[in-house]
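Try each task before you read its solution.

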Amino acid sequence: MKGQLDTEFGKIVIDEDVLGKYAGSAAVECFGVVGMASVNVKDGLVKLLKKDNIKHGVNITLDDDKLKVELHIIVAYGVSILAVAENLIETVRYNLEEFTGMEVGKIIVCVEGVKAVD
């Protein structure tokens with residue numbers, strides 16, 4: 001999937017890795033998010049991703065010319081998951097729409113784990 005915009009000057013094509021990195025970077029900056037998670041479906045294991053691999057915790061598809069974003073996160077112990085998810089959705093939607101000029105249709109937040117922070 002590649003994001004595509006038609007402008008008066010021509011077409012702009014945005015690779016899904018770029019969209020994933022941008023969404024992941026915006027997500028990890030949100031209060032209560034410890035990091036992005038990579039899920040091994042075969043083993044059912046959840047792994048906290050390092051900053052250079054955060055795009056692996058993001059799935060982006062194009063649905064009716066709108067971005068559909070799925071974020072797999074690990075939250076900090078003791079925070080309201082609802083509050084973190086609402087903040088995360090607003091932040092990622094705003095950043096992606098401002099960065100790409102594309103409309104974000106749906107954002108799905110999958111909380112894959114909880115981690116106590118020092």
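**Exercise 1.** Is Y22 buried, partly exposed or exposed?

Solution. This is a predicted model. Start with the value: Y22 has a relative accessible area of 31%. Next, take the cut-offs: buried means under 20%, and exposed means over 50%. The value lies in between, so Y22 is partly exposed.

**Exercise 2.** Classify F99 by its relative accessible area.

Solution. F99 has a relative accessible area of 40%. Apply the cut-offs of 20% and 50% again. F99 is therefore partly exposed.

**Exercise 3.** Find the aromatic pair and decide how its rings are arranged.

Solution. The structure holds 1 aromatic pair. The rings belong to Y22 and F99, and their centres are 3.8 Å apart. Their planes meet at 5 degrees. Planes under 30 degrees apart count as stacked, so this pair is stacked. Now place the partners: Y22 sits in helix α1 and F99 in helix α2, 77 residues apart. The pair thus links distant parts of the chain.

**Exercise 4.** Describe how α1 and α2 pack.

Solution. First locate the helices: α1 covers residues 16-28, and α2 covers residues 81-100. Their axes are 9 Å apart, at an angle of about 140 degrees. The crossing is right-handed.

**Exercise 5.** Which residues meet where α1 contacts α2?

Solution. From α1, take V18, L19, Y22, A23, A26 and A27. They meet L88, T91, V92, N95, L96, F99 and T100 in α2. Sort this contact by class: 10 residues are nonpolar, 3 are polar and none is charged.

Methods. Residues are numbered from 1 along each chain as its sequence is written. This is a predicted model: local features need pLDDT of at least 70, side-chain atom pairs count only at pLDDT 80 or more; totals for chains, interfaces and linings use all residues. Side-chain values use heavy atoms; hydrogens and water are left out. Axes are lines fitted to C-alpha atoms, for helices over the stretch in contact, and angles run from 0 to 180 degrees between N-to-C directions. Helices (H or I, at least four residues) and strands (E, at least two) are DSSP runs, numbered from the N terminus. A crossing is left-handed if the near helix is turned anticlockwise from the far one by less than a right angle, and right-handed if clockwise. Contact means heavy atoms within 4.5 Å. Ala, Val, Leu, Ile, Met, Phe, Trp, Tyr, Cys and Pro count as nonpolar, Asp, Glu, Lys and Arg as charged, and the others, Gly among them, as polar. Rings of Phe, Tyr and Trp (its six-membered ring) pair if their centres lie within 6.5 Å; planes under 30 degrees apart count as stacked, over 60 as edge-to-face and the rest as tilted. Buried means under 20% relative accessible area, exposed over 50%, partly exposed in between (1.4 Å probe, protein chains only).
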